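Here is a short briefing on one protein chain.

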Amino acid sequence: MPRMDMIKTTEALAAFCARLSKHDYVTVDTEFLRETTYWPELCLIQMAGPEDEGVVDPLAKGIDLTPFFELMGNASVVKVFHAARQDIEIIVKLGDLVPHPLFDTQVAAMVCGFGESISYDQLVSRITGAHIDKSSRFTDWSRRPLTEKQLDYALADVTHLRDVYHELVARLNAEGRSLWVADEMAVLEARSTYEINPEDAWKRLKMRVKKPVELCVLQHVAAWREREAKSRNVPRGRVIKDDAIYEIAQQQPRDAEALSRLRTIPRGWERSQQGATLVEIVNEALETPKDKMPRLPRQKQTPEGAQASIELLRVLLKLTVEKENVAAKIIANSDDLEAIAVAGDDADVAALQGWRRELFGERALKLIRGELALRFANKRVEAVEL
């Protein structure tokens, strides 16, 4: 069917969402900008149902996106995304809700053997044979008017997604793997996935500190930067760069003069209001009692001999992936394998829970207990019960 004009009014959006709400699923995608802001700036919303499709202009004067958010919260309609996390982050920020129920085709593709984190255009090509023109991918979606080429590209992100969704659901049902995807969707549907706690901002940084007092300063400064970036809606690096946080944590400047001597601080910045606040933050951290100082995270020490066990588990995982035609990332990661090698059945990892345990975990435990062996036969490695 011919594409309708871009939706620019609340009335048209409400009518469009009412039609989509009559179906059991809707495919969704967004276009946004984030280069100069902390929060993504929503520039376009694309949606399609089995018999309808359209593009919404969230920048249109006077438009109210409430009908869109109501559709996202409609529990009777499955919301289908590809690589959903950033799209959902926008909906959580603007609509104060997490879409439910969700279906992420990138996750489903991993379960169905399309590899790890496959891109949308590659998945569309492999399932439908269609080839998407990617020349409009890095366009400025905030500029108006948008060209027909831009709109066609944007709409393709949801029209082909219908066929992808149907095919993946059919494969999941045929292989009895629908619950595998449901486990992953529970993580995407958890509001905590999108909540950013400034006190945890330091965890984004690479550890370059060696003393508790340095870690304390780093935590305080990283939390301050996160709050500043959020309140001013600017990227974190616009407030202060990561390298500056590392240097401040190590040098611990107590006044503007000391701050001015740091090579990562722009000349004159120490005299700004931000510079004064930062000095206060550093002094506050340095006044923390010794018994309240944070402990340095322990460096993981792999027990002697465990590395060989980890490598054997890695081989077993690869055999499982090849046999079951599923991405390794969806079953276990390197930390899971190390935990199993060291703690065995006591390891608190997803690989030893539910369907993952049935698929891989039990055999992994048998391998480290000596009840399963790996052997080379007919130019292939195979697992053999002992």
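Is V158 buried or exposed? V158 counts as buried, at 0% relative accessibility; buried means under 20% relative accessible area, exposed over 50%, and partly exposed in between (1.4 Å probe, protein chains only). This is a predicted model, in which local features need pLDDT of at least 70, side-chain atom pairs count only at pLDDT 80 or more, and totals for chains, interfaces and linings use all residues. Residues are numbered from 1 along each chain as its sequence is written, and side-chain values use heavy atoms, with hydrogens and water left out.

**V158 and its surroundings**

- V158 is found in helix α6 (residues 148-175). Helices (H or I, at least four residues) and strands (E, at least two) are DSSP runs, numbered from the N terminus.
- V158 touches T27, V28, D29, Q46, M47, A48 and Y120, leaving aside residues up to four places away in sequence. Contact means heavy atoms within 4.5 Å.
- V55 is 103 residues from V158 in sequence, and their C-alpha atoms are 9.8 Å apart in space.

**Helix α5 against α6**

- The axes of helix α5 (residues 120-128) and α6 come within 10 Å and cross at roughly 55°. Axes are lines fitted to C-alpha atoms, for helices over the stretch in contact, and angles run from 0 to 180 degrees between N-to-C directions.
- α5 and α6 are therefore oblique to each other. Angles under 35 degrees count as roughly parallel, over 145 as roughly antiparallel, 65 to 115 as roughly perpendicular and the rest as oblique.
- Their crossing is left-handed: the near helix is turned anticlockwise from the far one by less than a right angle, whereas clockwise would be right-handed.
- From α5, Y120, L123, V124, I127 and T128 take part. They meet α6 residues including V158, L161 and V164.
- The residues of this α5 and α6 contact divide into 9 nonpolar, 2 polar and 3 charged. Ala, Val, Leu, Ile, Met, Phe, Trp, Tyr, Cys and Pro count as nonpolar, Asp, Glu, Lys and Arg as charged, and the others, Gly among them, as polar.

**Helix α13 against α14**

- Helix α13 (residues 306-324) and helix α14 (residues 334-343) have axes that come within 9 Å and cross at roughly 125°.
- α13 and α14 are therefore oblique to each other, and α13 passes α14 in a right-handed crossing.
- A306, S309, I310, L313, R314 and L317 in α13 meet S334, L337, E338, I340, A341 and V342 in α14. These residues divide into 8 nonpolar, 2 polar and 2 charged.

**Helix α10**

- Helix α10 (residues 242-251) has A244, I245, Y246, E247, I248 and A249 buried.
- The buried residues of α10 pack against α8 (212-232) and α12 (273-286).
- Q252 follows α10 and has a positive phi, near 50°.

**Aromatic pairs**

- The whole structure holds 6 aromatic pairs. Rings of Phe, Tyr and Trp (its six-membered ring) pair if their centres lie within 6.5 Å; planes under 30 degrees apart count as stacked, over 60 as edge-to-face and the rest as tilted.
- F68 and F69 form a tilted pair, 5.4 Å centre to centre with 55° between the planes. Both F68 and F69 are buried.
- W180 and W355 have ring centres 4.1 Å apart and planes at 5°, so the pair is stacked.
- W180 lies in helix α7 (residues 178-188) and W355 in helix α15 (residues 354-369), so the pair ties together parts that are 175 residues apart in sequence.
- W180 counts as buried at 11% relative accessibility, and W355 counts as buried at 10%.
- Y25, F103 and Y165 form one aromatic cluster.
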